[in-house]
Amino acid sequence: MVSNLESPISNFESNMALPEKIHLEIVTPEKQIFSGTVDAVTVPANTGYLGILPGHAPFLAELGIGEITYKVGIRIEYLSCSWGFIEVLPDRVALLAQTAETASDIDLKRAEEAKARAEKLLSSKDPNVDFARAQLALMRALSRINAAKHSAS
Ligand code: ATP
């Protein structure tokens, strides 16, 4: 007997050709950062970087701190993000990020200053310094600096 309880995923697999593009949405609690059609996406999951092509198997993961890149033709765009959720479907990737900035929105001077502050705290001998917090601030600053610099190069 054929079950009527087939999942949307198995329907997708049996009825549809593999998608050739990905609809990428990047939102923060404040605003939509990007919405568009792309060829490939790389995201900083908190277990490491994931490369996603059209037709990827569905999954959910946590977003960490790092660079998001997406490709449209030969053009690669860079963003920085920290924390959130990643939802992947064969034709769609949704990133709900605590913070996300496109390379053009990144204030490089602010990020360099945040990096210097974090490095100063990390090299301090003060027992009251919250080292884990300073380490995360450093990671956010480095991610912003890298996204801005990669975009410019
Ligand atoms: P800072 O110490 O400079 O505030 P931070 O890492 O503590 O940096 P977050 O708490 O991650 O900042 O972000 C707070 C808000 O400021 C978010 O909306 C984030 O997108 C924005 N933001 C932080 N740093 C930058 C930057 N260098 N350029 C553009 N926007 C930034």
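1. Leu60 belongs to strand 5, the stretch covering residues 59-72, and the structure discussed here is a predicted model. Leu60 counts as exposed because 9 C-beta neighbours lie inside 10 Å, and the limit for that class is 12 or fewer.

2. Once residues up to four places away in sequence are set aside, Leu60 touches Phe85, Ile86 and Glu87. Ala45 stands 15 residues from Leu60 in sequence, and the C-alpha atoms of these two residues are 9.9 Å apart in space.

3. As for the chain as a whole, the protein chain contains three helices and seven strands, and their order from the N terminus on is α-β-β-β-β-β-β-β-α-α. Of the 153 residues in the protein chain, 25% are buried. When contacts between residues at least 6 apart in sequence are considered, 55% of them join residues at least 24 apart.

4. Turning to the ligand, the residues surrounding it are Ser82, Thr99, Glu101, Asp105, Ile106, Asp107, Arg110, Ala111, Ala114, Ala137, Arg140 and Arg144. Strand 7 (92-102), helix 2 (108-122) and helix 3 (131-152) are the elements that each give two or more residues to this shell.

5. By residue class, the shell around the ligand consists of six charged, four nonpolar and two polar residues. The ligand lies between domain 1 (8-105) and domain 2 (108-152), because both domains give residues to the shell around it.

How values were computed:
Residues are numbered from 1 along each chain as its sequence is written. This is a predicted model: local features need pLDDT of at least 70, side-chain atom pairs count only at pLDDT 80 or more; totals for chains, interfaces and linings use all residues. Helices (H or I, at least four residues) and strands (E, at least two) are DSSP runs, numbered from the N terminus. A residue is buried if 20 or more other C-beta atoms lie within 10 Å of its own, exposed if 12 or fewer, and partly exposed in between; C-beta atoms are placed from the backbone. Two residues are in contact if their C-beta atoms, placed from the backbone, lie within 7 Å. A residue is near a molecule or strand if its C-beta atom, placed from the backbone, lies within 6 Å of it. Ala, Val, Leu, Ile, Met, Phe, Trp, Tyr, Cys and Pro count as nonpolar, Asp, Glu, Lys and Arg as charged, and the others, Gly among them, as polar. Domain bounds come from an automatic or database domain assignment.
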